[in-house]
Amino acid sequence: MIRHTQISGEDLRSKIHSKEIVFGGNKKLKIYGLLSCGSGKRMKKENRVFFMDEKEALENKFRPCGHCMREAYKKWKESLY
């Protein structure tokens, strides 16, 4: 997990372009989603974190975004019951 405040803009773009970063998340809400998600783009920089893959997000106890990852969110929600 990489915090947005701990990475330079140039380094971040490079990691996204090379697919080292694939998902973004909100560290306060513990939600992760696609980098293109409108909800993720609106969050504060100090709350934003990045993940290499879905496994890393789940290992850090983040849940899928209900907007950009509907199927994964449905499966996550069903697993609660």
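K61 is found in the loop between helix 3 (54-59) and strand 5 (63-64). Helices (H or I, at least four residues) and strands (E, at least two) are DSSP runs, numbered from the N terminus. This is a predicted model, in which local features need pLDDT of at least 70, side-chain atom pairs count only at pLDDT 80 or more, and totals for chains, interfaces and linings use all residues. Residues are numbered from 1 along each chain as its sequence is written, and side-chain values use heavy atoms, with hydrogens and water left out.

**Two lysines with positive phi**

K61 is not a glycine, yet its phi is positive, at about 65°. K30 is also a residue other than glycine with a positive phi, near 60°. K30 sits in the loop between strand 2 and strand 3 (31-34).

**Accessibility**

Buried means under 20% relative accessible area, exposed over 50%, and partly exposed in between (1.4 Å probe, protein chains only).

| Residue | Relative accessible area | Class |
|---|---|---|
| N26 | 9% | buried |
| K30 | 34% | partly exposed |
| K61 | 68% | exposed |

**Around N26**

N26 belongs to strand 2 (residues 23-26). Why does N26 count as buried? Its relative accessibility is 9%.

What does N26 touch, leaving aside residues up to four places away in sequence? Its partners are I31, M43, N47 and F62. Contact here means heavy atoms within 4.5 Å.

The side chain of N26 also has a polar atom 3.1 Å from the backbone nitrogen of L29.

Definitions and conventions
A polar contact is a pair of N or O atoms within 3.5 Å; within protein, one must be able to donate a hydrogen and the other to accept it, and residues adjacent in sequence count only if both atoms are side-chain atoms.
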